[in-house]
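Please open the structure in a viewer and follow the selections below in order.

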Amino acid sequence: MTIVNLILHVAVLLLLPPLLLGVITKTKAWFGGRVGAPLLQPYYDLAKLLRRGMVLSTTTTWVFRAGPIITLATVLLAGLLIPIGGFNAPIAFTGDLILFAYLFGLARFFTTSAALDTGSAFEGMGSAREVTFACLSEPALFFALMVLAKVSGSLTLTTMLQGPTNAFSADVAAPLVLISIGLFIVLLAETCRIPVDDPNTHLELTMIHEAMVLDHSGPLLSVILYAASVKLLVLGTVLLHVIAPFEFGKVWLDWPLYLVEILGLAAIIGIVESVMARLQMRHVPYLLTGALLFCGFGFILLIR
Amino acid sequence: MNVLFLLLIAIVLLGFSGVPGCLLSARSAAGQRVATALMAAGSLLGLACVAGILCAGSAPSLSLAWGFQQSRFAVAVDPLSAWFLIPVFIVPMLGSVYGLGYWKQAEHPANGRRLGLFFGLLAAAMALVVIARDGVLFLIAWEVMALAAYFAATAEDDKAEVRRAGWIYLIATHIGTLFLLALFALWRHATGSFALEAGHSFPAEAATTLFVLALIGFGFKAGLMPLHVWLPGAHANAPSHVSAVMSGVMLKMGVYGIVRMTALLPVGAVWWGPVLLAVGAATSVAGIAFAIGQRDLKRLLAYSSIENIGIIAMGLGLALLGREQHHAEWVLLGLGGALLHVWNHSLFKSLLFFNAGAVIHAAQTRDIDQMGGLAKRLPRVMALFVVGAAAICALPPLNGFASEWLLYVGLFRTLGLGGEAGAPAVALAAVALAMTGALAVACFVKVLGAVFLGTPRSEAGGHAHEPEAVMLMPMAALACGCVVIGLFPLGVMPLVAAAFQTWASHPAPLSVAASVPLKSLSVAGLALVGLAAALFLSLKLILRTKRVRQGVTWDCGYARPTGRMQYTGSSLGNSLVELTSFLLWPKHFRTALRGHFPRPSAFKSLVPDTVLDRLVMPLFRTTGRYLPKLRVLQQGQTHVYVLYILIVMIVLLVWGGMGS
């Protein structure tokens with residue numbers, strides 16, 4: 001059974017992510033009264049980009065190519081560290097939560113460096129924003145992880161994330177509610193969604209993530225888009241463990257349940273994107289400080 | 001023959017390595033080569049001795065009378081000393097090799113010989129500090145170290161800036177030594193001898209006083225905030241290989257002092273650990289925040305050293321708390337993380353200072369915002385810099401991550417998991433550490449981007465060239481160390497366990513591997529490397545059949561971008577400087593635009609050191625302004641001085657009479 005779960009875990013991790021982007025786009029189209037692109041459009045886009053050639057800026061070095069590749073490697077490894085649905089993570093050990101958090105740091109280091117490699121001012125702006133906002137979202141993530149560690153009594157992500165299922169009590173309800181709000185904001189920020197960043201914007205000055213990848217094209221761009229969707233899946237799965245800790249205990253029911261949950265989360269993100277406008281860039285730190293405060297107060301409530 | 005004698009011979013070799021050069025002509029390269037050979041011989045002999053001692057599991061000691069009253073020439077090597085000796089023997093040796101290319105005797109006839117002399121003396125003094133077991137001997141070695149570092153760091157003393165930085169360093173280090181004098185005097189008073197041996201019992205107040213004196217005295221050397229004032233200037237103005245030794249090893253002597261004193265003192269008050277933890281957390285966050293604001297590459301690296309010292313202090317704080325509360329695991333993880341970070345920082349910070357030296361050589365400036373595009377000119381230096389930068393940001397799978405991971409696990413343990421007693425407030429330090437990590441990524445992305453990536457911003461950068469092999473080899477060796485410790489941290493854990501045993505005098509030996517799964521960390525690190533390599537290869541395969549064109553960077557359709565249009569390091573760090581402006585107090589200079597046709601305008605921003613430039617210097621200036629008034633007392637006439645003595649005697653007599 002574990003082998004089957006392992007295969008399913010890897011398959012979901014590799015194949016599902018672009019569908020989430022499709023669901024978000026479809027939801028936004030529905031809100032806008034449009035038909036919208038097909039649900040599978042992100043897959044077609046990725047396939048098309050993979051077939052294309054590539055333009056490299058003359059100023060770039062190997063860092064420009066390393067950025068997308070290392071980002072993809074880190075998010076995939078992060079995906080192997082978390083339990084999906086009711087099933088254990090393929091790689092689990094005490095303290096893997098810190099590796100999980102720092103893998104995103106590694107991805108950020110290389111994404112932002114790759115952007116600076118082009119020597120473009122726009123991409124510099126994107127990098128500056130990315131590293132700045134991370135300084136607020138990273139502590140928020142650690143507060144949330146500390147709450148989960150305390151609630152579950154473990155430093156292994158598998159146990160921590162499945163902990164709320166078993167140990168759900170009135171004492172921990174309030175902290176968990178607070179950190180799930182904080183985590184949701186962190187999720188929106190880290191995956192570059194509205195209200196922090198607009199992946200569909202067309203003005204370079206207002207972008208964060210899209211500004212950093214302006215010069216990537218062809219297969220490299222497909223790697224970037226794919227890695228971004230995997231990141232959405234990974235962080236979304238972590239959030240689901242906190243806000244929807246349900247399971248049937250049967251394999252053939254739990255996998256479909258997880259699929260429904262994660263696609264539902266994508267729809268919720270789509271709704272948030274449809275009903276909100278992007279914040280002014282100088283207001284984003286306030287939102288992230290809010291996330292930090294939610295998670296921090298969750299922690300204080302728990303240990304008081 | 002006693003292994004300690006061999007070790008002392010090694011130290012003497014280091015100490016005298018620069019002497020032959022002083023006897024040769026000012027332009028002769030032979031002296032420098034002899035110095036490097038002697039350094040290498042001494043260091044390798046020293047490393048062999050340390051390896052022998054560690055393998056035998058012995059702790060040899062030696063105590064000779066040497067003419068000082070109540071003091072003996074006492075030296076010993078226990079696992080703690082051995083741990084700190086290893087970087088002392090490795091980094092200066094590599095620095096000396098690097099110096100062959102970086103500070104050629106023929107190009108620096110005025111100060112090359114002096115630099116060689118004090119460089120060796122600095123290494124020897126540090127080795128002696130680590131093995132000294134007598135208060136007086138320790139202080140002598142400490143003072144030799146401080147002065148040797150002063151003369152080595154001020155090699156270019158024809159520049160006013162260098163003299164000023166050296167002066168501040170000299171004052172700061174002597175204020176620190178003053179506290180250490182008090183520390184050892186009090187130690188002598190409390191224990192009856194200068195011998196630095198554990199097992200004494202102290203009254204609680206005496207132990208606390210000793211701890212506070214050690215924290216301040218050694219804190220000056222280590223650079224704990226706000227005692228760091230000397231550090232940025234001295235590191236920025238020293239030759240790069242001296243900066244590497246100062247930052248990579250000499251700061252660790254301050255750490256060693258704190259580790260040694262806390263090992264000698266009995267289990268202290270409950271607040272020792274939390275105070276050190278809080279100081280460490282504040283130092284690390286503030287250190288890296290200041291680093292982001294710097295434009296001078298070496299000042300930036302110096303502030304990042306302060307940050308790393310803060311991280312080490314956090315580990316020691318956790319260990320102290322664990323010792324007081326009888327949590328062996330906290331002690332193991334805190335001390336283990338701190339000690340491993342001592343090694344790691346000496347590896348990657350020396351690497352980064354060596355890189356900085358090569359960059360400054362090539363670009364002819366220390367100003368980050370004048371550089372750019374050096375990756376094309378110095379590809380090897382850049383690749384090594386990426387390793388060092390990723391390691392210092394504690395990114396997996398490099399060594400910085402391994403030590404911070406131990407510390408994180410230790411801090412998370414204080415949450416009190418699974419019903420065991422905890423101190424959850426202490427876990428807040430983990431959040432400070434996370435913030436430090438995120439800020440460090442911002443800081444080093446700024447350096448990497450502004451120095452190496454993009455296009456050159458000035459003329460000099462365009463003509464830069466790769467440094468010679470003698471400069472590249474030490475860097476490559478250090479980078480290898482970063483990778484190996486990062487992938488296989490388990491390999492050094494027996495040494496950590498032995499040091500833990502010495503420090504905590506724990507009855508039963510504890511193994512780090514048993515309490516945390518370092519093997520899994522290695523597996524995850526290797527998986528990451530494998531995954532990235534596989535993806536690289538597949539991308540290569542995909543691109544083989546595709547057309548890859550070269551073009552100009554996209555700039556909104558503007559086809560002729562120039563180097564000056566790039567985002568500079570200062571712009572990259574600006575939003576973070578603004579976020580932390582309550583701490584950094586950045587200064588902005590701008591000329592106001594007036595009229596319909598304003599004149600050309602300029603803008604400049606600067607992040608001065610809050611403690612030095614806004615507190616210490618004004619204080620010193622004010623003191624200098626008002627205290628000269630006291631000079632009226634200084635008449636230069638002997639009978640007036642005798643009168644002063646008479647007055648003081650009368651006052652004392654009256655005071656004494658009132659007391660009885």
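This is a predicted model: local features need pLDDT of at least 70, side-chain atom pairs count only at pLDDT 80 or more; totals for chains, interfaces and linings use all residues.

Begin by selecting chain A. Twelve helices and one strand make up its secondary structure, and from the N terminus the order is α-α-α-β-α-α-α-α-α-α-α-α-α. The radius of gyration is 19 Å, close to the 19 Å that the globule rule gives for 304 residues, so chain A is as compact as a globular protein of that length. Its C-alpha trace extends about 55 × 40 × 40 Å along the principal axes. Of the 304 residues, 61% are buried. Among contacts between residues at least 6 apart in sequence, 78% link residues at least 24 apart.

Next, display the interface. Here 65 residues of chain B are in contact with 62 residues of chain A. Elements of chain B that each supply at least two residues to this side include α16 (399–413), α22 (518–544) and β3 (548–551). The largest contribution, twelve residues, comes from α17(B). By class, this side of chain B holds 48 nonpolar, twelve polar and five charged residues.

Now select strand β1 (residues 54–57) of chain A together with β3(B). The two strands run parallel and are joined by four bridges. Within β3(B), B:R549 is the bridge partner of A:V55.

Finally, move to helix α25 (residues 610–626) of chain B. At 1.5 Å a residue, its 17 residues should span 24 Å, and the end C-alpha atoms are 23 Å apart, which agrees. Centre the view on B:V616, where α25(B) has a kink of about 30 degrees, shortly before the proline B:P618. The number of buried residues among the 17 is one, so α25(B) lies largely in the open.

Notes
Residues are numbered from 1 along each chain as its sequence is written. Chains are lettered from A and ligands numbered from 1 in the order in which they are written. The expected span of a helix is 1.5 Å times one less than its number of residues. The bend at a residue is the angle between axes fitted to the seven residues ending there and the seven starting there. A residue is buried if 20 or more other C-beta atoms lie within 10 Å of its own, exposed if 12 or fewer, and partly exposed in between; C-beta atoms are placed from the backbone. Two residues are in contact if their C-beta atoms, placed from the backbone, lie within 7 Å. Ala, Val, Leu, Ile, Met, Phe, Trp, Tyr, Cys and Pro count as nonpolar, Asp, Glu, Lys and Arg as charged, and the others, Gly among them, as polar. Two strands pair if DSSP finds at least two bridges between them. The radius of gyration is taken over C-alpha atoms; the globule rule is 2.2 Å times the number of residues to the power 0.38.
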